[in-house]
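Subject: Structure handover

Hello,

Here is the structure for you to look at. Please open it first, then read my notes below.

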Amino acid sequence: MAARRDLTALPKGHLHVHLEAAMRPETLAELASRMRIEIPPVTGFSGFTAFAGMYEGLLAVLAEPANLHRLIDEAVEDAAADGVVYVEFGVSPQFYVTAFGSIEAALDAQIEAARAAGARHGVEVGLMVTADRTRDLADAVELARIAASRAGRGVVSLGLANEERGHPAADFADAFRIAREAGLQSAPHAGELVGPESVWQAIDDLGADRVLHGIRAVEDARLVAVLAERGICLDVCPTSNLLLGVVDDLAIHPLPQLLAAGVRCSINADDPILFGPGIAQEYLVARERVGLTDEQLAECAWSSIEATLASDGLKRRARAGIDAWLAEGDAA
Ligand SMILES: [Zn+2]
């Protein structure tokens with residue numbers, strides 16, 4: 001009975017999704033063909049070499065500003081169709097300096113496109129400016145300053161992504177301090193390819209409000225207790241974890257264990273064009289393969305709203321919508 005609830009009707013946030021990877025496969029194919037850019041066949045996950053090639057193709061087609069607008073508009077439209085009421089795109093304006101002239105100009109174009117798409121499709125959109133942990137602290141500090149100057153004007157958080165191994169979060173404390181002082185959330189990737197020590201650094205050194213992935217926290221009971229106690233949300237991506245070998249089998253994914261320990265978790269798609277599922281599909285994966293109940297799915301949906309800087313009005317409407325979604329299943 002309960003399993004018949006429509007997951008696209010569950011109001012949710014999508015907090016861990018890298019903007020370029022939210023492009024529709026058919027849009028990438030169309031733009032690449034028009035611009036005569038070679039991309040590997042877009043047929044789902046086929047290893048990192050294909051991923052790197054596809055990502056370069058994504059960046060190449062986005063060198064035309066009109067295409068960036070199209071990407072953001074379609075990504076928000078797809079989010080709305082999946083029941084997303086709040087989306088936080090991970091953006092890297094530093095990739096678009098050639099196309100836009102400066103990091104600031106690229107970010108302002110992303111902010112404007114996000115605002116327009118959000119208004120058109122009825123979704124609140126925030127941007128997570130994402131520093132590259134394989135680059136210098138100075139680059140991250142520059143990005144943090146630019147992000148901080150747009151706090152409350154489209155930018156909501158500072159992220160940290162790319163190779164976790166050998167690039168510890170603690171090195172970026174100065175950048176995250178700037179972001180937090182401006183009222184941005186701290187939302188680094190950690191605890192995906194490196195264990196609990198990486199998550200400890202995210203919370204101790206970067207003051208993480210949310211940790212993207214974070215699932216390897218499960219290896220340290222004291223860390224799990226601290227995450228629960230402080231209400232730090234883990235933005236979890238089951239399909240990504242499976243395809244990257246972070247977990248061997250979705251049936252033993254740590255998400256249920258983290259929820260049972262009282263850790264707030266959201267469910268996310270990470271890189272849909274690479275891994276396949278969109279956000280509603282990822283909820284279905286969480287239900288059918290990870291084994292979450294509808295009550296747990298609703299709990300994750302609420303965390304994906306409540307743990308963010310989404311507006312109070314949106315939070316109230318989402319809470320009511322989630323309660324209605326649960327009640328509908330009870331009555332069926
Ligand atoms: Zn990610």
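Of the 332 residues in the chain, 55% count as buried. Buried means under 20% relative accessible area, exposed means over 50%, and partly exposed is in between (1.4 Å probe, protein chains only). This is a predicted model: local features need pLDDT of at least 70, side-chain atom pairs count only at pLDDT 80 or more, and totals for chains, interfaces and linings use all residues. Residues are numbered from 1 along each chain as its sequence is written, and side-chain values use heavy atoms, leaving out hydrogens and water.

**Overall shape**

The chain has 15 helices and eight strands. These are DSSP runs, numbered from the N terminus: helices are H or I with at least four residues, strands are E with at least two. Along the principal axes, the C-alpha atoms fill a box of roughly 55 × 40 × 40 Å.

Now the contacts, meaning heavy atoms within 4.5 Å. Take those between residues at least 6 apart in sequence: 75% join residues at least 24 apart.

The chain exposes about 13,100 Å², and carbon and sulfur atoms supply 50% of that area. Areas come from the Shrake-Rupley method with a 1.4 Å probe; for residues, only the protein chains shown count as cover.

**Helix H1**

Helix H1 spans residues 25-34, and its buried residues are Thr 27, Leu 28, Leu 31 and Ala 32. These four lie on the same side of H1, because they cover an arc of only 125° around the axis. The arc is that of the directions from the helix axis to the C-beta atoms. On the other side of H1, Glu 26 and Ser 33 are exposed.

**Positive phi**

Most residues other than glycine have a negative phi. Which residue with a positive phi follows H1? Arg 36 does, with phi near 55°.

Asn 162 has a positive phi near 90°. Its place is the loop between strand S4 (155-161) and helix H7 (173-181). Asn 162 is partly exposed, at 48% relative accessible area.

Asp 270 is not a glycine either, yet its phi is positive, about 65°. Look for Asp 270 in the loop between strand S8 (265-267) and helix H12 (272-275). Is Asp 270 buried or exposed? Asp 270 counts as buried, at 4% relative accessibility.

Best wishes
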